[in-house]
Amino acid sequence: MADHLLSIDCGTQSIRALVFNASGNMLAGSQKEYAPYESPEPGLAEQDPEVFWQGLIQVCRTIRKDYPKLMARVAGVGVAAQRDTMINVDEKGEPLRPAIVWMDQRRAQPEFAATGILGGAVALTGLKKRLMDAQAQAKCNWLRQKQPAIWQVTHKYLQVSGFLNFRLTGLFNDSIASQIGHVPFDYKKQTWAGNLSLTRRLFPIEPSKLPMLAEPGKILGNVTPEAAALTGIPAGLPVIACGSDKGCETLGNGVTDPSMVSLSFGTMATVQTTTPKYFEAISLMPPYPAPMPGHFNPEVEIYRGFWMISWFKNQFAHKEVEEAKAAGTVPEKLLDQCLDRTPPGAMGLVVQPYWGPGLERPGAKGAMIGFGDVHTRDHVYRAVIEGLGFALKEGMEAIQAKSGVKVQACALSGGASQSEAICRIAADIFNLPMQAGATHETSGLGAAVVTAAGTGIYPDIKTACTRMTRPAKRFEPDPSHAAVYEQLYHQVYKKMYHRLSPLYKQIQTITGYP
């Protein structure tokens, strides 16, 4: 009986193949890790697209080898993937150059300047710089300017999801809910933008270079015999349109309305909700298309967010990383000892977690203040975790203000959510209940939810979500800890950027970095 779902979750640092049953229980999984990117020059972040495809082949073949009976019961396949990592391919789907990863910091020369009525409106609202920055950050513009020969022969310009969906089906089709980034997408109408739209002018990608789009839950194509031979996935299985990794995480957390938010403790930390209402939590930051048709995922991002945990592990936690590897667990669980040995507030050490520029604060840098001779490695780790919590709380408040709906609870996902100490700190900072699901593979579970509806196991995505997602743990805030964090948040953290911003500009002027 075909009643299992195969999810492919292609993230920044690894790719996973996961098998779920119709009740949302994870039955099998395989993971292939890889370096998040290569940097041929400072500020550049590129990846060979074959790393994603060869990783998919490896993890699926492992599932087929280790769990042949499970693979035989798979009803459909769904792909969730990192966002705004773009791949140029030719007519055969072969990459023409390395993928430009979302963390890349190269900049193009802005070409479109708003004029006439539009120009006046932009000037009055003070958004001109934001529009210029958006053009400069768009890698399609950089490619058109710096590598015109490659752009000219580009047949399709694809998200990672579109690339993997093509390799599975032989068709250049992708999900509406995967079109997140610097592409000419109309987020309000959830379709490719018209010729006269602003996003089409900012990101002038020829329509012929873009894939066909389908609503989440629709069939994009079927696994080809060639793909089946390579991956071990049965030929002919439907490949279902799913969505981005963050959107699928939110769905996998059971967040289907704005009374709840999803906190993603991933390479990019995010706070996100689901709503049928279009609203911008941050001005000019449209809500992303959700993996529920007709719904949106308003989001606030902490660029390179919990990548800071990777930074900490690489710099200060070699022992825990090796011990975790030997024990078959994640380093974050062992690093809970650092958190257990330190009090809320890290004895006055406070972190502003801007390890990379964001949309509202493109000139921001990271900062740690309050150092004293009492501080140890443990305090630095706690301050990093707390700083990220403060930044996510600030994002939640922005979403709550625009939605008009009070947030009642938060759901956690991402690698760091496997740490109970981090979950407790998040509950204390937000002063809200935090819940974690039975699996931390929430992005894969979200893709399985959409795939279950797409294959007819459930009549629609919301029903599938209700049946397949459930909280397994709940973390209540500690009132005494919450009181400390409330003061630090309002009296210190929220003032840091504005106080330090002039110094960031001076640092860049004096040193030329970044």
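The questions and answers below go through the sheet, the helices and the aromatic pairs of this predicted model.

Residues are numbered from 1 along each chain as its sequence is written. Because the model is predicted, local features need pLDDT of at least 70 and side-chain atom pairs count only at pLDDT 80 or more, while totals for chains, interfaces and linings use all residues, and side-chain values use heavy atoms, with hydrogens and water left out.

Me: In which order do the six strands of the open sheet lie?
Reply: Strands (E, at least two residues) and helices (H or I, at least four) are DSSP runs numbered from the N terminus, and two strands pair if DSSP finds at least two bridges between them. The edge strands, which pair on one side only, are S3 (26-33) and S13 (219-222). The pairing in this open sheet is mixed, and the order of its strands is S3-S2-S1-S5-S14-S13.

Me: Which residue of S5 is the bridge partner of Asp 9?
Reply: Strand S1 (residues 4-10) and strand S5 (residues 74-81) run parallel and are joined by seven bridges. Within S5, the partner of Asp 9 is Ala 80.

Me: What angle does the direction of helix H16 make with that of S1?
Reply: Angles run from 0 to 180 degrees between N-to-C directions, and axes are lines fitted to C-alpha atoms, for helices over the stretch in contact; contact means heavy atoms within 4.5 Å. Helix H16 (residues 442-454) packs on the sheet and touches S1, strand S2 (14-21), S5 and S14. Its direction and that of S1 make an angle of about 135°.

Me: How many residues of S14 are buried?
Reply: S14 is joined to S5 by four bridges in a parallel arrangement, and it pairs with S13 in the antiparallel sense over three bridges. Buried means under 20% relative accessible area, exposed means over 50%, and partly exposed lies in between (1.4 Å probe, protein chains only). S14 is mostly covered, and the number of its seven residues that are buried is seven.

Me: Which residue takes a positive phi in the hairpin of S2 and S3?
Reply: S2 and S3 pair in the antiparallel sense over seven bridges, and the bridge partner of Val 19 in S3 is Ala 28. The hairpin has four residues between the strands, and the one with a positive phi near 85° is Gly 24.

Me: Is the pair of Tyr 187 and Tyr 288 stacked or tilted?
Reply: Rings of Phe, Tyr and Trp (its six-membered ring) pair if their centres lie within 6.5 Å, and planes under 30 degrees apart count as stacked, over 60 as edge-to-face and the rest as tilted; by this rule the count comes to 15 aromatic pairs. The rings of Tyr 187 and Tyr 288 have centres 6.1 Å apart and planes at 50°, so the pair is tilted.

Me: Which residues form one aromatic cluster with Tyr 187 and Tyr 288?
Reply: Both Tyr 187 and Tyr 288 are buried. The cluster that holds these two tyrosines also holds Phe 185 and Trp 192.

Me: Which residue lies over the face of Tyr 489?
Reply: Tyr 489 and Tyr 493 are four residues apart in helix H18 (residues 479-511), so about one helical turn separates them, and both are buried. A charge sits over a ring if NZ of Lys or CZ of Arg is within 6 Å of the ring centre and within 35 degrees of the ring normal. At 4.8 Å from the ring centre of Tyr 489, the residue over its face is Lys 393.

Me: At what angle do helices H15 and H18 pack?
Reply: Ile 425, Asp 428 and Ile 429 in H15 meet His 481, Ala 482 and Tyr 485 in H18. The axes of helix H15 (residues 420-430) and H18 are 7 Å apart, and the helices pack at an angle of about 65°.

Me: How many residues of helix H7 are buried?
Reply: The buried residues of H7 (residues 160-169) include Phe 163, Asn 165 and Arg 167. Just after H7, Gly 170 takes a positive phi of about 80°. H7 is largely enclosed by the rest of the structure, because the number of its ten residues that are buried is ten.

Me: What relative accessibility does Glu 94 have?
Reply: Glu 94 lies in the loop between strand S6 (86-89) and strand S7 (99-100). Not counting residues up to four places away in sequence, Glu 94 touches Glu 50, Asn 88, Val 89 and Arg 167. Glu 94 counts as partly exposed, because its relative accessibility is 37%.
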